[in-house]
Structure formats: C-alpha cells, structure tokens
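Here is a briefing for a reader new to this structure. Look through the sequence and the model first, then go on to the notes.

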Amino acid sequence: MAEKRRSPCALSVKAHAFSVEALIGEKRRRSSGEEAPSPGLCELSPAPRASCASERSEDCSDGSPESEDVLLESPQPSLPCPGPGSGAGGAEDARVDLQGSDLWKRFHEIGTEMIITKAGRRMFPAMRVKITGLDPHQQYYIAMDIIPVDNKRYRYVYHSSKWMVAGNADSPVPPRVYIHPDSPASGETWMRQVVSFDKLKLTNNELDDQGHIILHSMHKYQPRVHVIRKECGEELSPVRAIPSGEGTRTFSFPETVFTTVTAYQNQQITRLKIDRNPFAKGFRDSGRNR
C-alpha cells in the first residue's frame with residue numbers, strides 16, 4: 001500500500017505557529033534594541049557609514065532620520081566680518097557730487113578768490129555735496145581739508161587781470177581737518193541730505209585755536225571732501241592728517257580751486273560775489289542808493 005508522502009515544505013500546525021511566534025518575537029527584540037540570535041541564518045554586516053559631522057555635506061545623508069538630524073545639528077561656519085574696504089556699500093563705493101557746480105564754474109573761469117582773516121571768514125561759494133553709494137547701516141565721518149595746489153606764491157597783475165607766479169610758497173602750516181558736525185552718522189543719514197560745509201572758516205592766523213582752516217595769503221588751494229568709514233575704537237582728529245586706507249575715499253573738483261586773499265583783487269570777482277552771495281544784500285542796497 002502506497003504510503004502518502006508528505007512534502008518536505010509542508011509544516012504542521014504547531015510548527016507553523018512556532019515559526020510565526022519566532023518571527024514576531026525577533027521583530028520586537030530588534031525594535032527594542034536587543035540583538036536577536038540567529039542560529040541558522042547568516043546576516044550581512046551593515047556597511048560602515050561616513051561621519052557627517054566632519055563632512056557637513058549633503059552627500060552624507062542616506063535618507064534616514066539619524067542622518068537628517070546630524071545635518072541639521074551640524075554647526076555652520078560663520079561668515080567673516082567685512083573689512084574696511086570689503087562688501088557692497090563701503091566707502092570705496094561712495095560717490096560725491098558737487099552741488100552748485102555751475103556757480104563754481106562761473107567763478108573758476110574768472111579766477112576764484114577767497115578772503116582769509118585773523119578771526120576767520122566763511123567760504124563763498126560754500127562746499128556743498130550730495131553723497132550716494134554708502135552702506136545705510138554703516139557709520140561714516142564726512143570731513144574736508146584744503147591742500148596747496150603747488151609750491152608757488154602768486155600776485156595779481158592789474159593791467160592784464162591775471163594771476164602770476166611771484167615766488168616760492170611760504171613754509172607749510174599745521175594741517176587742519178574740518179569734521180562735519182553731524183559726524184559720525186549712518187550712511188542713510190548722509191545720503192538723504194545735502195552735506196554742507198558752510199560753517200567752515202578760513203584764517204591766516206597760525207596760532208588759531210578755534211579749529212579754523214589755516215592758510216597762507218596769495219596761495220592757490222584745492223578743497224577735498226573725505227568719506228571715512230568709522231571703525232571700532234577709531235576717532236578722527238581735526239589736527240591729524242586724514243587716515244589712509246581702503247576705508248577712506250577722497251573727492252576733489254577742479255572748479256573749486258581758489259586763491260587766498262586778504263582783499264579781493266579782481267573786480268569781476270567782487271561783483272559776482274555781491275550779486276550771488278545772499279549775505280551781501282547790504283552791499284547791493286548801498287550800490288543802488290549810490
């Protein structure tokens with residue numbers, strides 16, 4: 001009698017239940033962190049993972065929650081602080097435009113003269129500029145100084161109405177810098193206004209202690225406007241030279257060159273100053289009365 005052969009793959013009910021329980025128990029042990037013994041199975045060892053803390057690269061992420069946490073918690077390198085001449089909106093990006101340039105050019109064509117006195121005299125026309133290109137949040141000094149154009153002394157020749165060289169320049173005077181009273185201020189403050197140096201005064205008193213700009217009479221000079229980025233702990237001094245470097249920009253305008261005098265030499269300059277200077281109203285009234 002042929003005996004019915006059982007398939008080697010067929011499992012009894014008890015064997016099936018035992019295998020299911022074994023699988024569930026193994027799954028629970030793995031989820032709780034326990035290592036499940038595997039007497040009859042050979043498991044492949046997981047491949048070693050690269051450390052993302054040192055790489056800080058997206059290539060380290062394998063999609064697992066652990067790798068994402070490592071990437072999120074990894075410290076990001078801080079950006080370097082910009083130096084005096086780095087970054088947009090620094091002093092090197094500044095632009096200065098002369099206001100009233102038409103009037104300055106009219107004086108320049110004749111030969112601009114500026115009165116200097118012991119007590120100090122204001123300039124006319126006054127230096128007035130518009131500044132753009134600054135960092136709105138950065139602090140800046142705005143200053144002005146006046147330097148010799150050359151090393152000559154001049155005299156005015158009346159019969160030819162010209163300035164002629166009369167000899168070598170006098171010995172240099174101590175340098176003076178006029179710091180705008182609003183300094184230091186943010187770039188936003190400077191850019192939203194016309195920056196005027198109308199309070200600056202010129203003097204020929206070499207012992208002046210009022211902060212006026214000291215100049216020699218009968219010499220030619222060039223005003224300069226400086227935009228200076230304020231750095232931590234740095235203070236600008238009216239009796240020291242303008243600091244040099246990337247944090248400083250200097251601007252000058254050829255039409256603002258002038259000759260210093262104690263009395264106007266050219267009558268055309270006298271008339272033009274009386275006509276255009278609002279503070280010379282008394283001179284105009286006197287002329288009409290005469």
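Which residue forms a salt bridge with Arg95? The partner is Asp97, and the closest N and O atoms are 3.2 Å apart. This is a predicted model, in which local features need pLDDT of at least 70 and side-chain atom pairs count only at pLDDT 80 or more, while totals for chains, interfaces and linings use all residues. Residues are numbered from 1 along each chain as its sequence is written, and side-chain values use heavy atoms, with hydrogens and water left out.

**Salt bridges**

- A salt bridge is a side-chain nitrogen of Lys or Arg within 4 Å of a carboxyl oxygen of Asp or Glu; by this rule the count comes to 5.
- Arg95 is exposed at 52% relative accessibility, whereas Asp97 is partly exposed at 29% (buried means under 20% relative accessible area, exposed over 50%, partly exposed in between, with a 1.4 Å probe and protein chains only).
- Asp145 forms a salt bridge with Arg224, with 2.8 Å between the closest N and O atoms.
- That pair links distant parts of the chain, 79 residues apart: Asp145 is in strand S5 and Arg224 in strand S13 (strands, E, of at least two residues and helices, H or I, of at least four are DSSP runs, numbered from the N terminus).
- Asp145 is buried at 8%, and Arg224 is partly exposed at 23%.
- Arg153 and Asp170 also meet through their side chains in a salt bridge (3.3 Å, N to O).
- Arg153 lies in strand S6 and Asp170 in the loop between strands S7 and S8, so the pair ties together parts that are 17 residues apart in sequence.

**Sheet**

- An open sheet is formed by 3 strands in the order S1-S4-S10, with antiparallel pairing (two strands pair if DSSP finds at least two bridges between them).
- S1 (95-98) and S10 (194-196) stand at the edges with a single partner strand each, so one side of each has no neighbour in the sheet.
- S1 and S4 (residues 128-132) pair over 4 bridges, and Ile131 in S4 is the bridge partner of Val96.

**Helix H6**

- Ile269, Leu272 and Lys273 are buried in helix H6 (residues 267-276).
- On the other side of H6, Gln267 and Asp275 are exposed.
- The cover over the buried residues of H6 includes helix H4 and strand S2 (contact means heavy atoms within 4.5 Å).

**Val261**

- Val261 lies in strand S15 (residues 258-261) and is buried, with a relative accessible area of 0%.
- Not counting residues up to four places away in sequence, Val261 touches several residues, including Trp163 and Met218.
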